[in-house]
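Have the structure open while you go through them.

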Amino acid sequence: MSDTPLTQVLEMDGEERYDYFLDEVAEEREIWILVNADNHFLKIVSEEDGVAYLPVWPGEAFASEYAKGAGDLSPKAISLPDFFRKWVPGLTRDGLEIGVFPGVDRELWISGPEELKNDLQEVMSGF
């Protein structure tokens, strides 16, 4: 295990990072994505099963770390109300899943937009 908090979180397994993501996003009320110079969001299609997803992170530092070496990508925050109101219906309509918090192992938790929204609302109800 590394001694930096960022690396410690990134080294968690997919399920642990998912729980961390829910807690952080519920507290901060924003989700982070990566966009290119034209403000188009990063979409990844899995080579294994062809699933298309939007990768998301609980903070700017995590998104920046993921984007290292991918010159034209930069982190962008989406407020939780905007995510619920605009992004969840849009992603659902477009058939995109959400790849929650990719880590150093590139393992991540794939979730449907509505499922992630429900999980976030459940965590927020505890605040």
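1. Start with Arg85 and Asp82: both sit in helix H4, three residues apart, about one turn of the helix. Keep in mind that this is a predicted model. Their side chains form a salt bridge, 2.6 Å from N to O. Arg85 is exposed at 54% relative accessible area, whereas Asp82 is partly exposed at 24%.

2. Asp82 also has a salt bridge with Lys86, at 3.9 Å from N to O. Lys86 and Asp82 are four residues apart in H4, so about one helical turn separates them. Through shared partners, the salt bridges link Asp82, Arg85 and Lys86 into one network.

3. The salt bridge count comes to four. One of them pairs Asp94 with Arg93 at 3.7 Å, N to O, and both of those residues are exposed.

4. Now for the helix packing. H2 (residues 14-28) packs on H5 (residues 113-124) at about 65°, with axes 9 Å apart, and the crossing is right-handed. On the H2 side the contacts include Phe21, Leu22 and Val25, and on the H5 side they include Leu116, Leu120 and Val123. By class, that contact has nine nonpolar, two charged and no polar residues.

5. Which residues have the most contacts inside the largest nonpolar core? They are Phe21, Phe83 and Leu116, in a core of 37 residues. Elements giving two or more residues to this core include H2, H4 and H5.

6. Leaving out residues up to four places away in sequence, Phe21 touches Ile31, Val56, Trp57, Pro58, Val100, Phe101 and Leu116.

Methods:
Residues are numbered from 1 along each chain as its sequence is written. This is a predicted model: local features need pLDDT of at least 70, side-chain atom pairs count only at pLDDT 80 or more; totals for chains, interfaces and linings use all residues. Side-chain values use heavy atoms; hydrogens and water are left out. Axes are lines fitted to C-alpha atoms, for helices over the stretch in contact, and angles run from 0 to 180 degrees between N-to-C directions. A crossing is left-handed if the near helix is turned anticlockwise from the far one by less than a right angle, and right-handed if clockwise. Contact means heavy atoms within 4.5 Å. Ala, Val, Leu, Ile, Met, Phe, Trp, Tyr, Cys and Pro count as nonpolar, Asp, Glu, Lys and Arg as charged, and the others, Gly among them, as polar. A nonpolar core is a set of buried Ala, Val, Leu, Ile, Met, Phe, Trp, Tyr and Cys residues joined through side-chain atoms within 4.5 Å. Buried means under 20% relative accessible area, exposed over 50%, partly exposed in between (1.4 Å probe, protein chains only).
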